[in-house]
Amino acid sequence: MSPEAKYLYLTTIGRRSGLARQIEIWFTRHQSRYYLVAEHGLRAHWVRNLLADPAVRACVGRRSFRGRARVVDARSERALVATIRAQSEAKYGWGAGLVVEISPAGRRGAPPP
């Protein structure tokens with residue numbers, strides 16, 4: 001099995017322009033979902049875009065998929081936030097910031113990978 005990709009390519013729709021916007025970002029996986037950490041929190045344009053429209057596209061390695069994004073609530077989901085920050089720290093040496101979850105859309109009832 002090949003090592004996990006280093007980057008996820010996230011495409012959001014610009015909240016003002018309506019145009020597709022893509023970023024390259026570090027990620028971790030946990031329980032069939034992808035997690036991103038926004039260093040600049042709610043000030044990050046990609047975070048603002050997904051708050052306005054949570055439908056996103058993502059590409060990891062050779063896999064492209066549609067999904068839904070959400071900001072993980074650090075108060076009510078403390079254990080999840082701690083897990084994701086620790087995984088990011090282990091993978092990249094950094095994990096501080098706002099945690100965002102990407103849930104891949106299932107294919108015809110199939111569970112996400």
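Which residues in the largest nonpolar core touch the most other members?

Modeller: Keep in mind that this is a predicted model. The largest nonpolar core has 20 residues, and those that touch the most other members are L8, L36, W46, V100 and I102. Several elements each supply at least two residues of this core: the strands β1 (7–13), β4 (33–38), β5 (55–60), β6 (63–71) and β7 (98–104), together with the helix α1 (45–52). Another core, of seven residues, lies apart from it, and includes Y35, V37, L80 and V99.

Take V100 as one example. Leaving aside neighbours within four places in sequence, V100 is in contact with Y34, Y35 and L36, with W46, V47 and L50, and with A69, R70, V71 and V72.

Now take L8. The bridge partner of L8 in β5 is V60. That pairing belongs to β1 and β5, which run antiparallel and are joined by four bridges.

β5 itself has two faces. V56, A58 and V60 make up the covered face, while A55, R57 and C59 make up the uncovered one. In a regular strand the side chains alternate between the two faces of the sheet.

β5 is also joined to β6, by six bridges, and these two strands run antiparallel. R57, from the uncovered face of β5, has R66 as its bridge partner in β6. β5 and β6 form a hairpin with two residues between them. In the turn, G61 has a positive phi of about 60 degrees.

How values were computed: Residues are numbered from 1 along each chain as its sequence is written. This is a predicted model: local features need pLDDT of at least 70, side-chain atom pairs count only at pLDDT 80 or more; totals for chains, interfaces and linings use all residues. Side-chain values use heavy atoms; hydrogens and water are left out. A nonpolar core is a set of buried Ala, Val, Leu, Ile, Met, Phe, Trp, Tyr and Cys residues joined through side-chain atoms within 4.5 Å. Buried means under 20% relative accessible area, exposed over 50%, partly exposed in between (1.4 Å probe, protein chains only). Contact means heavy atoms within 4.5 Å. Two strands pair if DSSP finds at least two bridges between them.
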